[in-house]
Amino acid sequence: MERQKEYQVAYIILKAANSPRPGTWVLEKSKDGQHFSTWQYFARTDKECMDQFQVPATKGKPHYFTDNEIICTSYFSKLTPLENGEVHISLVQGRPGANESSPELLEFTKARYVRFRLMGLRGNLEPIPKSLSQDRLKDKKLFYSIKDISIGGQCVCNGHAENCRHNVASGHPECECLHHTCGANCEMCCPLYNQRQWFPGSSRDAQKCLPCNCHGHAKSCRYDEEVDRNGLSLSADGSYQGGGVCQNCTDFTTGINCEKCLTGFFRPINVSAHDSKPCLKCDCSVVGSSPDICVQYGESAGVCKCKLGYIGLKCDMCAPGFRGYPNCESCPCDPKGVTATGDCEGECLCKQCLFVFSKTLKANTAIGANLGILDYQRRTLMAAWRASVPVSRLCIQTLQNWLITDLRVSAYITPVTSSTSVFSVGNYELPGIENLYWLAPRDYLGNKLEIYGSTFVFNVQWVVMRGDTSGEPTIGPDMIMVGSNGLQLGYGDHIYGSQKMSFSIPLSEHGWYIIPNEIQDITTRMTKSDYVKGPATREQFLHVLADIKHILLRGTFHTDQIEALLESATMSYGNEELTYESGTVEKCSCPSGYTGLSCESCSFGYVRIFANTSENEEESYCGKCDCNGHSATCNADTGECFCEHNTIGEKCERCAVGFYGNPLRSTIGDCKKCACPMENIENNFSPSCQLDYFNLANEGGYVCTQCPKGYTGDHCEICDDGYFGDPLEIGNSCRPCDCSGGPCDRRTGQCLACKGNTEDVSQIITATRQLPTVKHANVIPLDLSRNNAITFLANVHVKAGLLAELVINVR
């Protein structure tokens, strides 16, 4: 049997004609006429229920334990009466949800097609009555005959209508929908009422559709589960509950709630999102403004955002250093080499004598060879452009940790140190050594390229034994610098008659000479040629400055000297005035992998690797570490990385626990601290998170992986069902709802749907309620807290429709 639409079928009455009722048969339903499912089984005996349908028989009159239970019964399959027998089938009565129209029962009774599948006559199964078995017309009486079928039901309105009416246009009944639902069967929410998902209603919960908050700029909306889960949709009552997403926003608005302005539009200050004209067009040059066009909100709303190279209120002019509006291009002039900056619409006006840099370059980059850089890298360094840069004038001056030593720095004497000098007596602790030196502490050592061109000033005194002695003044360098490569450079070789001297040693290659490494000591029997190998070149001097191992200051001036005193030692950085023409401290523009004033060091992420040349000489170069840019250096032999920037792994390829990101980008900020939902300890509820690999380019694309119970959302930023609070507020957290198992507002904790006809006691002082007709008073105990019990005593009038008085007793 087919109806023109779906109905909620409540009962079916089948009447036989001049034959017995069917014996074995199945009552079936369908929504499309193609796929049928069973409503109920009928068998001639209880045993046949199991044999034929594999369903245990229901004894006696049909009864049910669930709202969608399918039973098998032999109650209606008796042979008598032989004619005009009836089968009364109730699909609703006797089921648990019959009085409340549960969603399960509503779905179970829904059908458009009803089918009776007849499978066996009752008279064909023994035993049969004696009167029938002896009847010679028995075979003619055993057949199927149905004279009437009655089907009772109601419109399918999904619990959202009390009545249905006949639609003249369609010729079918249609529901008179309530609860802001729409459709012939109230099967959807109306266009602007999709703030929460549609559900069938019932007497327990009407499941009303709620309005979307589109600020008056849309006529329809849709429900989005993801938006609901993340709490992104603003409801009509001002809370972030529900998943309504406005569609086809008007008035140049956009966003989930039509609360934002389209790109190219802005909201004037003090204009509400509800305003009839919430967004105005930006008045900016299309050519000169950025993709955002203008500032959209706040006190600067409407201010144009200019691209690089554009300025002006409307971004309609070229910025300084650019020319050619509307296509503003960078000026081709190097600001270091031109006489003026700003307007560059004409030709570049170069400074004079800029060619001097090509002369300086060749001499200075020779340090690359001395540092052991391989040929192909030396050629790269030769191409580096060198320019003088300002270096702040600083100095190193200390009297702490100075020692007395010999030329070979093979033994030490610890002098007496005071706040004004360093004092030493004789050379008795180093027998056989004629010349002693003051050994500078660590502050004066290491990479000191910045001191090139300045001076080293030190003041000394000494005391010679009194009387007529055979002693004589000593000779030798006034200052010695030893590089990490073993190269020894000396300056000065004078004899001094005075016993107090102030030395000012120029820190450039002029006047410096090489001291052979085989010299153990410089004595009075030597001549200058014995300890001077030749003048130092610029590259040799710069190489020593790149990594100073020792600085020795002359401490012995006479063979009969008995005391030595160091009063001060000052190493200066830079000059007072440094320009392109006169500056002596220069900075190279280094190739990849090198850094320092003269490209003498390896950059971050590189390690110095030594190799032998074809001439069997050891040279070195800076090789890149395979650490994804997160290790300052690495082991030259094993490649082991020393991970920084919150990374871990053999190649620093993973973020450390508590951080997220993509370390393979090789930037210092690749791994960011997890904010679940905030970075502070008390609001960071997940110890770990991971990058959302479906959106690698999104700076905010991460998911917290260990949100505790009561928290949900990608960043643990939402309280889960049954909890309330605001994890985005410092010091706040998610706490269980105090609603006796019912739901509550995720932000405030206010109970939303109390069970058992109760209400949130915190919101009630006195109340009245329409109650259904009952025959006695209901007493409902509700445990609201550990120490309080509240009893609701509802004195209900027997006559339906009267107001019931609700009395709250607190004890």
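A residue is called buried when its relative accessible area is under 20%, exposed when over 50%, and partly exposed in between, using a 1.4 Å probe and counting protein chains only. Cysteine 318 is buried in this sense, with a relative accessible area of 18%.

This is a predicted model, in which local features need pLDDT of at least 70, side-chain atom pairs count only at pLDDT 80 or more, and totals for chains, interfaces and linings use all residues. Residues are numbered from 1 along each chain as its sequence is written, and side-chain values use heavy atoms, with hydrogens and water left out.

**Disulfides**

The structure holds 26 disulfides, a disulfide being a pair of cysteine sulfur atoms within 2.5 Å.

| Pair | S to S distance | Torsion about the S-S bond |
|---|---|---|
| Cysteine 284 and cysteine 304 | 2.0 Å | about -95° |
| Cysteine 318 and cysteine 328 | 2.0 Å | -95° |
| Cysteine 643 and cysteine 652 | 2.1 Å | about -95° |

The link of cysteine 284 and cysteine 304 has a torsion of about -95°, so the disulfide is left-handed. Cysteine 284 lies in the loop between strand 17 (280-281) and strand 18 (289-294), while cysteine 304 is in strand 19 (residues 304-306), so the pair ties together parts that are 20 residues apart in sequence. Strands (E, at least two residues) and helices (H or I, at least four) are DSSP runs, numbered from the N terminus. Cysteine 284 is buried, with a relative accessible area of 14%, and cysteine 304 is buried at 10%.

The link of cysteine 318 and cysteine 328 is left-handed, with -95° about the S-S bond. Here cysteine 318 is in strand 21 (residues 317-318) and cysteine 328 in the loop between strand 22 (322-323) and strand 23 (329-330), so the pair ties together parts that are 10 residues apart in sequence. Cysteine 328 counts as buried, at 12% relative accessibility.

The disulfide of cysteine 643 and cysteine 652 is left-handed as well. Cysteine 643 is partly exposed, with a relative accessible area of 28%, whereas cysteine 652 is buried at 0%. Another cysteine, cysteine 395, is partly exposed, with a relative accessible area of 48%.

**A buried lysine**

Lysine 29 belongs to strand 2 (residues 22-30). Lysine 29 is buried yet has no salt bridge, a salt bridge being a side-chain nitrogen of Lys or Arg within 4 Å of a carboxyl oxygen of Asp or Glu. The nearest side chain of opposite charge is that of glutamate 107, 6.2 Å away; Lys and Arg count as positive and Asp and Glu as negative, with His and the chain ends not counted. A polar atom of the lysine 29 side chain lies 2.6 Å from the backbone oxygen of phenylalanine 108.

**An enclosed helix**

In helix 10 (residues 538-546), 8 of the 9 residues are buried, so the helix is largely enclosed by the rest of the structure. Among the buried residues are Arg538, Gln540, Phe541 and His543.

**A nonpolar surface patch**

Leu118, Tyr144 and Ile146 make a nonpolar surface patch of about 230 Å². Patches are made of residues with over 30% relative accessible area and no salt bridge, with like charges joined within 9 Å and nonpolar side chains (Val, Leu, Ile, Met, Phe, Trp, Tyr) within 5 Å. Accessible areas come from the Shrake-Rupley method with a 1.4 Å probe, and for residues only the protein chains shown count as cover. Leucine 118 is in strand 6 (residues 110-121) and is partly exposed, with a relative accessible area of 31%.

Conventions: A polar contact is a pair of N or O atoms within 3.5 Å; within protein, one must be able to donate a hydrogen and the other to accept it, and residues adjacent in sequence count only if both atoms are side-chain atoms.
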